[in-house]
Amino acid sequence: MATLPLSDFGADSLDPFLERVDGRDVVRAQVLGGDFCFESDSPELLQLVRLAYEGLAPHQLPVSAPAFHIELRLLPGRPVNGSAEPPAVRAQSGAGLLCGVMDECNYVVMSPEQGSALVVASRDMLANPYHLRYELIEFAVFTLATRRLGLVPLHGACVGLNGRGVLLLGASGSGKSTVALHSLLRGLEFLAEDAVFVEAESLVATGVANFLHVKSDALGFVDDGAVQSWIREAPVIRRRSGVEKYEADLRRAPLPVASGSLELIATVFVSGRRAEDSRQLLRAMPADAIGARLWADQPYARGQPGWQIFQQHMIERGAYELQRGPHPQAAVDALLTLLG
């Protein structure tokens, strides 16, 4: 069998795979019911981890909390292509590994079985902290937790009261974030705004209450001056859809968030349609229509192992459609009729 001489690997031939890295530091965080250890020799990458997960309330799930290990590696920078945003992540799998690839210098390799991942980023990606944090680091965290803990990953929001929660689903732009914001303003427990993870048998939901994303036009309904200042002083992020939103740090909010996980009692589909009768924003859905609505709303989650059990339990607990009223607070009033 022919072999490549070590000289073909160039100057780094003594460690061609960069296995011997000195000066690594560690950040530990409890996220989605799992214990995560982030390791890197890059202070910049570890700071992004702290920004995302430091100060979160620990959540307990009915399943055991395994340990996860994520190594972050920063590569030398490359010429920046003007103001163009990074390429979108492409998913791939094989040999028991899951991958998310932007390009040859920015990617994630994960082993769900081992609970470990390698996140690689080029130095120029530090100029795109939103994409780096969400599409590489958080991608690894969410994927490992989902696969190892057997959670159903949902695109949606969740708020609650006294440990009981409602799942808020709906298309982008339907108003889920606005309803979640005004639920927070009314003192409801805020679990998550964009991604909710559910243990299928118990319907216990967890999430990452680190940021709230608010469009500027939603501030017109916020009367609290301290809350307005908190949001307006937040950085503005631009999503791949082109929508720009304030990214307000919930850990610095003048409002409380959920201190633990919530048990789901119902699903609420948030609609962008304005209600004909402002006194009846919330309408119960027929039981035989709930399954199809959940299936259509969650194309990724429905392919996960726990989907059938989750779907059946949520059908049993009921679902509602929430239409828009004259003020977002009216939507919160409607949710309170479910939460009691």
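The radius of gyration is taken over C-alpha atoms, and the globule rule is 2.2 Å times the number of residues to the power 0.38. For 340 residues, this rule places a compact globule near 20 Å; the protein has 22 Å, which agrees. The model is predicted: local features need pLDDT of at least 70, side-chain atom pairs count only at pLDDT 80 or more, and totals for chains, interfaces and linings use all residues. Residues are numbered from 1 along each chain as its sequence is written, and side-chain values use heavy atoms, with hydrogens and water left out.

The protein contains 7 helices and 19 strands (DSSP runs numbered from the N terminus: H or I of at least four residues for helices, E of at least two for strands). Of the 340 residues, 51% are buried (under 20% relative accessible area, 1.4 Å probe, protein chains only).

An open sheet of mixed pairing is formed by 7 strands in the order β1-β2-β3-β7-β6-β5-β4; two strands pair if DSSP finds at least two bridges between them. β1 (25-31) and β4 (90-94) each have a single partner strand and stand at the edges, so one side of each lacks a neighbour in the sheet. β4 pairs with β5 (residues 97-103) in the antiparallel sense over 5 bridges, and C99 in β5 is the bridge partner of Q92.

Helix α1 (residues 43-53) lies across β1, β2 (34-40) and β3 (67-75), at about 20 degrees to β1. Helix α2 (residues 129-149) lies across β1, β2, β3, β5, β6 (106-111) and β7 (116-122), at about 10 degrees to β6.

Notes:
Contact means heavy atoms within 4.5 Å. Axes are lines fitted to C-alpha atoms, for helices over the stretch in contact, and angles run from 0 to 180 degrees between N-to-C directions. Buried means under 20% relative accessible area, exposed over 50%, partly exposed in between (1.4 Å probe, protein chains only).
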